[in-house]
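Here is a short tour for anyone about to open this model in a viewer. Keep the structure on screen as you read, and pick out each region as it comes up.

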There are 2 protein chains.
Amino acid sequence: MVPSRRIADVAAEAGVSPTTVSHALSGRRPVAPATRARILNAVERLDYRPDRLATSLRTQRTQTLALIIPDIANPYYPASARALLDGVNDAGFMTLIANTDGDPEGERAALQEMVARRVDGIVMHSLATSTADLRRIVGPDLPVVVVGGLSGLIATDLVVTADSVGLGEAVKYLHGNGVRDLGFVDGPEGNGMYRLVAFLGAAHALGLNVQDDWIRHTPFTREGGFAAAMSLLHGDRRPAAIMCANDLIAIGVMDAARALNIRIPEDLAVIGFDDIETAALVTPQLTTITNPASLTGATCAELLLERIVLGADAPYVTRVLPTSLVLRESA
Amino acid sequence: MVPSRRIADVAAEAGVSPTTVSHALSGRRPVAPATRARILNAVERLDYRPDRLATSLRTQRTQTLALIIPDIANPYYPASARALLDGVNDAGFMTLIANTDGDPEGERAALQEMVARRVDGIVMHSLATSTADLRRIVGPDLPVVVVGGLSGLIATDLVVTADSVGLGEAVKYLHGNGVRDLGFVDGPEGNGMYRLVAFLGAAHALGLNVQDDWIRHTPFTREGGFAAAMSLLHGDRRPAAIMCANDLIAIGVMDAARALNIRIPEDLAVIGFDDIETAALVTPQLTTITNPASLTGATCAELLLERIVLGADAPYVTRVLPTSLVLRESA
DNA sequence: CCACTAACACAAACCGATTTGCGAAGGAGC
DNA sequence: GCTCCTTCGCAAATCGGTTTGTGTTAGTGG
C-alpha cells in the first residue's frame, strides 16, 4: 500500500525540518520564500495532506460539528440539514449526523458520543432534553444551538419558530369560517408540546370548544396521524376541524377522513404544520403553517459559527423565525 | 470550566498507572478483579470518557464513516441515509455527511476531506466519479461502497439497482398501451446516465420511436423537470409518454403538462423513478419505478461493515437490488 | 526450601501533527 | 571591525491516549 505521506516525508523531500514545513503551511512564523517554494513543491509532489486527527489532537479543534435530529427521514429535516451543511461548509466544517427518534436516552447518547469525538459545536433539534440537562452532558463551554428547545432556564443559543403566530392565524381563520369545534393531533407525549400549548392558548382566547377527547398524541408520521384520526373521528360527536403538529400527521388525518368517507374541507377542515414540499402536492392540497426549514438551518449555521469565534462568555442569543398560514384546499 | 477528565486523573484516583486503566477498560491484558473494580469506580465517579481523538490517532481507527451524496434535500436520499445510519450505529460508528450536488469537483473535495479525517469507510452515491478515479484519491485500502457507480473497471464494492429491469417493464407497459413515441428527461449531463441508456436500450428493442429532441437533460429537481418539459412539449410534434430519471423531475413534468393544458395520462403518460413517498400523494398519482432507498442504505451498511473486517484483499462484491414498475394514475 | 511460572503493574515509546525556546547566519549601523 | 538585530531553521515538548518490554510479587511443584 502507498502509505499516506507524513510531514516528515515532506520535510525530508524539501531538505528541511518538520517544524519548517508546518510553519510554511500555517504561516505562523516567517519562512524564506525560496524555502517555502521548495516545501510547497514537495507537498505537491508527494500529495501530502496533513492528518486531521493529529492536528486536532494538538490544536484541540476538530473542524467538525454535530447535527442531532429526531429523524433525517422525516421530510422536514433534510431541508434544514442541507442549509446547515452549506452554511458551515464554507467555514471548513464537516458535520456528523445522529438520529434520536425524539428519545431522551437517544439524545443523551448522541450528545455524549459527540462530546467524546470533540466536535467544535452542536446543533440539536431537541424534543426531550432541556438546555440545562444538555449542559450537564456537554459541559459549559461547548458551543450549542438548540432548535425549538424545551422551556426552562436557557443555557444555549436558541433558534425557535414563532409557532404561536401561525397557529393563531390558523385558529382565527377557522373561527372566521364558522368553525367552533376543534381538535388537535400532537406528536408523541413528552415532545415538548409547544404547538399544542400555543394552539390551546389561541383556541381559548377565541372561546372555541376543544374537548379533551379531541386532543391526541401520536408519532410524527403519516401512520401516526392516520391512527389518531381514525380513533378521534370515531366518536359520535367530532370536531369540525383538526389541526396537526406536523404535515405528515395531517396527511395521515386526511387518509383517515378519506377512509371514513368524510369530505375535506366541507365536513372536516385539516391544517398541518411545517409546509413540507409534499404539502402542496397532496389532494386536496394541504393548508398548513410554514416552518422555514431552510432558514432554520442557515440560522443555526450562522449562530454556531458566531458562537465558536465569540466563545462561551458572550450572552446567549435567541433567534425567532416567522411562521404563517398558507391557505390551500384542506381548510 | 470543568476540564474533561483524562486517563491520568482516573489512574490517580484509583491509585494505579494509566497503563493499568487502559488495560482494565480494553481488556487487552488481565487486570486483578479488585483493581478493575477500583478503576471502574473511579471512571464512574469522575465521569471519564476517553478522548476519541487520541485513541484514534494511536489505533488508526476513528469509528467514523463518510456518506457522500449529491443532495440530502433530494427526498430519495434521506430514507437511504437513515437506513445506513441505523445499520452502522449498532457497530459504534458515527457518520459524516457531505453534499456534492453531483459535481465531480465537489465529489473530489468531499473524498479528500474524508480521507484527511481518516474515516474508516466511505459510502458514496456517485454520479460523476469512476471507481478508478476514486481509488486514485482515497488510496487502495480504504473501504468504499459505491452506489450506482460509473461503469469501467470496478475497484470498490458496489450497490446497484437493476434500473433496466424496472425501465424495461415500464417501456413494455407503455408499448402494450399503444404508445409509440417516447421521450426521456434525464438528470444533468454527465450524471452517469445509466437510466437513459437502459431506457434507450429497452425502447430500441421494441422498435419505439425516440426522437433526439425528446431527450432532455436537466437538474434532478421539480423545477428542472418543469423547465425541460415546457421546452420539450412545445414542439409541433410531441411524444405520447415521457419517462423521467427521477420522481421530482416527473412531478415537474406533470406541472408543465398542467400548465399547457395537456391531460395526464390521456394525452401524455408520465413515469417517474424512485417511488419517493410523495409519488403516491400527487394528483394524478405518479406511476413510477421503485428504487428501494431504505434497502440500499441497509445494504451499504452491511457491505461496508463486512469490508472493514475483511480488509482490502477480499474480492470486491456487487449487490444488485430489484426495481419494478408501480402502476398508479399517471400512465 | 528453591526454582520456576503465572499474574499483574509500571515506564517508556509511539501515533502525527503544532508550538516554543534557542541558536546560527546574514545584514545594518556606528 | 564589532555589536546588534533580524531572519529563519532545528530540537524538544506536547496533545491524550495505546501498546510493548520489563520487573516484581505471589503461588506452585519437587
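In this predicted model, the contact between the two chains draws 38 residues from chain A and 38 residues from chain B.

**Where the chains meet**

- On the side of chain B that touches chain A, the elements giving two or more residues are α4, α5 (76–89), β2 (94–99) and α6 (104–116) of chain B.
- β2(B) makes the largest share of that side, with 6 residues.
- By residue type, the side of chain B that touches chain A splits into 21 nonpolar, 8 polar and 9 charged residues.
- Strand β2 of chain A (residues 94–99) is joined to β2(B) by 3 bridges, and the two run antiparallel.
- To locate this pairing on screen, look for T95(A), which sits opposite I97(B).

**Around DNA strand C**

- DNA strand C is surrounded by 26 residues, and the closest are R6(A), S22(A), A54(A), S17(B) and T35(B).
- Two or more residues of this surface come from each of α2 and α4 of chain A and α2 and α4 of chain B.
- The surface near DNA strand C consists of 10 nonpolar, 10 polar and 6 charged residues.

**Around DNA strand D**

- Which residues come nearest to DNA strand D? Out of the 26 around it, they are S17(A), T35(A), I7(B), S22(B) and A54(B).
- At least two residues of the surface near DNA strand D are supplied by each of four helices: α2 (18–26) and α4 (52–59) of chain A, and α2 (18–26) and α4 (52–59) of chain B.
- Here the division is 10 nonpolar, 10 polar and 6 charged residues.

**The parallel strands of chain A**

- Is strand β4 of chain A (residues 144–147) covered on one side or on both faces? Both faces are covered, with V144(A) and V146(A) buried on one side and V145(A) and V147(A) buried on the other.
- β4(A) pairs with strand β3 of chain A (residues 121–125) in the parallel sense, over 4 bridges, and V123(A) stands opposite V145(A) in this pairing.
- Between β3(A) and β4(A) the chain passes through helix α7 (residues 131–138) of chain A, forming a right-handed β-α-β crossover.
- β4(A) also runs parallel to strand β5 of chain A (residues 157–161), joined by 3 bridges; there, V147(A) faces V159(A) as its opposite residue.

Note on methods
Residues numbered from 1 in each chain as written. Chains lettered and ligands numbered in written order. Predicted model: local features only at pLDDT ≥ 70, side-chain atom pairs only at ≥ 80, totals over all residues. Near = placed C-beta within 6 Å. Nonpolar A, V, L, I, M, F, W, Y, C, P; charged D, E, K, R; others polar. Contact = placed C-beta atoms within 7 Å. Pairing = 2+ DSSP bridges. Buried ≥ 20, exposed ≤ 12 C-beta atoms within 10 Å, placed from the backbone. Right-handed = clockwise from strand over helix to strand, strands pointing away.
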